[in-house]
Amino acid sequence: ITVAGHLKSSGRRDNVKVPKGNYTYPFSFQLPQHLPPSFHKTSGDGDSATIEYYVKGYVDIPMGRDAKAKRHFRVLSGIPQHQ
């Protein structure tokens, strides 16, 4: 999702100035219904298995260091629905 400016792939070079401040961009995403729940298990011999979910975002800052964020979230097992 591009909320200001243009995708890098568009080839456009015109600048978009965003005033200083804190910005919030609420979003939602429908996860697949039968997604396996988050999971982490480590055995005594050092083997491990993990199912993890996260969302990543970044702000492309031309000629500067891009701002990046990554937030994990937990998926719980669903309650079966009787049909």
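First, the ground rules. The model is predicted: local features need pLDDT of at least 70, side-chain atom pairs count only at pLDDT 80 or more, and totals for chains, interfaces and linings use all residues. Residues are numbered from 1 along each chain as its sequence is written, and side-chain values use heavy atoms, with hydrogens and water left out.

Start with the overall layout. The protein chain has 0 helices and 4 strands. Both are DSSP runs, numbered from the N terminus: helices are H or I with at least four residues, strands are E with at least two. Reading from the N terminus, the order is β-β-β-β.

Next, surface. The chain exposes about 8,600 Å², and carbon and sulfur atoms supply 54% of that. Accessible areas here come from the Shrake-Rupley method with a 1.4 Å probe; for residues, only the protein chains shown count as cover. How much of the chain is buried? Of the 83 residues, 2% are. Buried means under 20% relative accessible area, exposed means over 50%, and partly exposed is in between, with a 1.4 Å probe and protein chains only.

Now contacts, meaning heavy atoms within 4.5 Å. Take the contacts in the chain with a separation of 6 or more. Residues 24 or more positions apart account for 21% of them.

On to the hairpin. Strand S1, residues 39-42, pairs with strand S2, residues 48-51. The sense is antiparallel, over 4 bridges. Two strands pair if DSSP finds at least two bridges between them. His-40 stands opposite Thr-50 in S2. The hairpin of S1 and S2 has 5 residues between the strands. Gly-46, in the turn, has a positive phi of about 95°.

Stay in S1 for Phe-39. Phe-39 counts as partly exposed because its relative accessibility is 43%. What does Phe-39 touch, leaving aside neighbours within four places in sequence? Ala-49, Thr-50 and Ile-51.

Next, S3, residues 53-59, where Val-55 lies. At 33% relative accessibility, Val-55 is partly exposed. Beyond neighbours within four places in sequence, Val-55 contacts Phe-27, Ala-69, Lys-70, Arg-71 and Phe-73. Its C-alpha is 8.3 Å from that of Ala-69, 14 residues away along the chain.

Then S4, residues 67-73, which holds His-72. Again setting aside neighbours within four places, His-72 is in contact with Glu-52, Tyr-53 and Tyr-54.

Last topic: rings. A pair of aromatic rings is described by the distance of the centres and the angle of the planes. Rings of Phe, Tyr and Trp (its six-membered ring) pair if their centres lie within 6.5 Å; planes under 30 degrees apart are stacked, over 60 edge-to-face, and the rest tilted. By this rule, there are 2 aromatic pairs. One of them is Tyr-23 with Tyr-25, stacked, at 6.4 Å centre to centre and 10° between the planes. Tyr-23 is partly exposed at 43% relative accessibility. Tyr-25 is partly exposed too, at 45%.

Lys-70 lies over the face of Tyr-54, 4.1 Å from the ring centre. The rule: NZ of Lys or CZ of Arg within 6 Å of the ring centre and within 35 degrees of the ring normal.
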